[in-house]
Amino acid sequence: MPDQAQILVIDDEQIMREGCSRILSKDGWAVICAENGTKGLEEIKGQSEKIDVILLDLMMPGMSGMEVLDHVRTIDPNLLVIVITGYATVESAVEAMKKGAYDFIPKPFTPDQLRIVVRRALEKRALQKEAEFLRREREKSLRDIATEKSKVKTIINCMGDGVLVCDRDGCVVLSNPAASRMLKISESSLLGNFLPQCNLHSELAKTIQESLTTKDVSYTSVSQELGIGESGESFLRAHTAPVKNDLGETMGSVTVLQDISHLKELDKMKSEFIAMVTHELRAPIAAVEQQLTVILNKMAGEVTQKQEQLLSRAKERTKGLLDLIKDLLDLSKKEERKMVQYKEL
């Protein structure tokens, strides 16, 4: 039986060992016997975790019960020892209790007396094991929590995107190095500080505050583009969303920051290229259109009806090209402006 209690009887009298074994076995307890202190210590060292209670005779030849008790305290101080004394002196019992014995029983004793004192010790042992189990479980839970927190912190700190988390009062409770780098604000100036104290970009601070205070149930998130630095040398895309509980109450907000400076640079290069190409194309195509107009107006001489049809079609095509060039130039101008923020509903 895996949950069967084990009792070690250490006594130099064979009759006492056999008697205790017979009495205790009837109650379903496993009994191990040792004829002297040395044998008893060998049993304890070999299986101290399995033994629940020790019945120890104080008066034995060779190693005395008191010496065995001293060794037991060293091996496992939680083992419960019930001393057996044939002299029933108060002094010997008190001395044994001072050395760490749980209880004592004087010889001679009845089977019921033995059962009572052993059962009491086993109940205490069961409480000890339960307390130890709960302690290990608590330590395990704390370790698991600490490990999980460490994993999450490592992941967030290694993210390329910036993360900024605020509680419902607008206090920054979490940020990572990427957010500090992108916003050009030290972590110490972010963590534990309220939004007005963090020196955030005004538009970002306004959006976070709005996400914390809005009563609009359809409000889910806001994305916006931010220019960071006095001359706007870097650009960020900030995605801010409120964090709500099951009751729909706002518990805080999460902002994810992405550095889009390289994308803006590519867009700028693309716009400049389009502007340059379209500008270079507009002049010669406009010249072609003008020459076609001159010919169609018969300022360069008469043209046949067939020639007029062909030239009119060519003029329409050149006009279409000029309109396309104009649209491309207008698009380039628009792309130079700041992106308008939008709400996701």
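I started at Arg119, which is partly exposed at a relative accessible area of 35%. The cut-offs I used: buried is under 20% relative accessible area, exposed is over 50%, and partly exposed is in between (1.4 Å probe, protein chains only).

The model is predicted, so I kept local features only at pLDDT of at least 70 and side-chain atom pairs at pLDDT 80 or more, while totals for chains, interfaces and linings use all residues. Residues are numbered from 1 along each chain as its sequence is written, and side-chain values use heavy atoms, without hydrogens or water.

Next, salt bridges (a side-chain nitrogen of Lys or Arg within 4 Å of a carboxyl oxygen of Asp or Glu). I get 13 by this rule.

Arg119 pairs with Asp27, with the closest N and O atoms 2.8 Å apart. Asp27 sits in the loop between H1 and S2 and Arg119 in helix H5, so this bridge ties together parts 92 residues apart in sequence. Helices (H or I, at least four residues) and strands (E, at least two) are DSSP runs, numbered from the N terminus.

Asp27 also bridges to Arg115, at 3.1 Å, N to O. Arg115 lies in H5 (residues 111-158) and Asp27 between H1 (14-25) and S2 (30-34), so the pair links parts 88 residues apart in sequence.

Then I looked within H5. Glu132 and Arg135 form a salt bridge at 2.3 Å, N to O. They lie 3 residues apart in that helix, about one turn. Glu132 is partly exposed at 29%. Arg135 is partly exposed, at 29%.
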